[in-house]
Amino acid sequence: MSEKEAGQSGGSPQVGGATVSDIQELIRRKEEIEAQIKANYEVLESGLQVDDEIVEFGSVNTQNFQSLQNIGSVVQHSEGKPLTVTVIRRGEKHQLRLVPTRWAGKGLLGCNIIPLQR
């Protein structure tokens with residue numbers, strides 16, 4: 001059926017088998033997906049970054065830290081629950097919220113934490 005015939009019969013005009021409303025719906029869905037990607041990217045950018053100095057990780061802080069096992073224990077007991085992490089990034093203090101979660105890789109954080117060498 002041609003666009004002219006579709007218009008005469010009351011149907012939606014078609015372009016290559018898809019109606020204009022189909023294409024408009026796809027554009028709307030594309031815009032939603034792009035907005036989700038942008039939001040997820042902003043979350044990733046605000047999370048732990050290389051050279052962040054962790055000064056508080058849940059209940060572990062600079063006063064009671066003994067080893068990375070302290071952090072590992074907090075992560076294991078906080079799976080699926082929000083965890084407050086305070087870091088010093090480029091001289092400024094930032095408070096982050098992490099949710100330890102299982103993923104395809106090793107661990108629950110998706111990163112490695114190493115002791116600061118001073």
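1. In this predicted model, strand β3 contributes the largest share of the lining of the largest pocket, namely 5 residues. At least two lining residues each come from β3 (53-57), β4 (60-61) and α3 (68-77).

2. The largest pocket itself has a volume of about 620 Å³. Its lining comprises 24 residues, of which D52, E53, I54, I113 and I114 are the closest to the centre. Sorted by class, the lining of the largest pocket holds 14 nonpolar residues, together with 5 polar and 5 charged ones.

3. Two of the strands that line the pocket, β3 and β4, also belong to an open sheet of 4 strands. The order in this sheet is β4-β3-β5-β6, and the pairing is antiparallel.

4. The pairing of β6 with strand β5 (residues 83-89) deserves a separate remark. These strands run in the antiparallel sense and are joined over 7 bridges. Within this part of the sheet, L83 is placed opposite L98 of β6.

5. The loop between α3 and β5 contains S78. Is S78 buried or exposed? Its relative accessibility is 11%; because residues under 20% count as buried, S78 is classed as buried. Leaving aside residues up to four places away in sequence, S78 touches L83 and P100.

Note on methods. Residues numbered from 1 in each chain as written. Predicted model: local features only at pLDDT ≥ 70, side-chain atom pairs only at ≥ 80, totals over all residues. Heavy atoms only, no water. 1 Å grid on protein atoms, 1.4 Å probe; cavity = no way out; pocket = protein on both sides within 12 Å on 5 of 7 lines; lining within 4 Å. Points joined across faces, edges and corners; volume = space filled by probe spheres on them. Nonpolar A, V, L, I, M, F, W, Y, C, P; charged D, E, K, R; others polar. Pairing = 2+ DSSP bridges. Buried < 20%, exposed > 50% of the residue type's maximum accessible area, 1.4 Å probe, protein only. Contact = heavy atoms within 4.5 Å.
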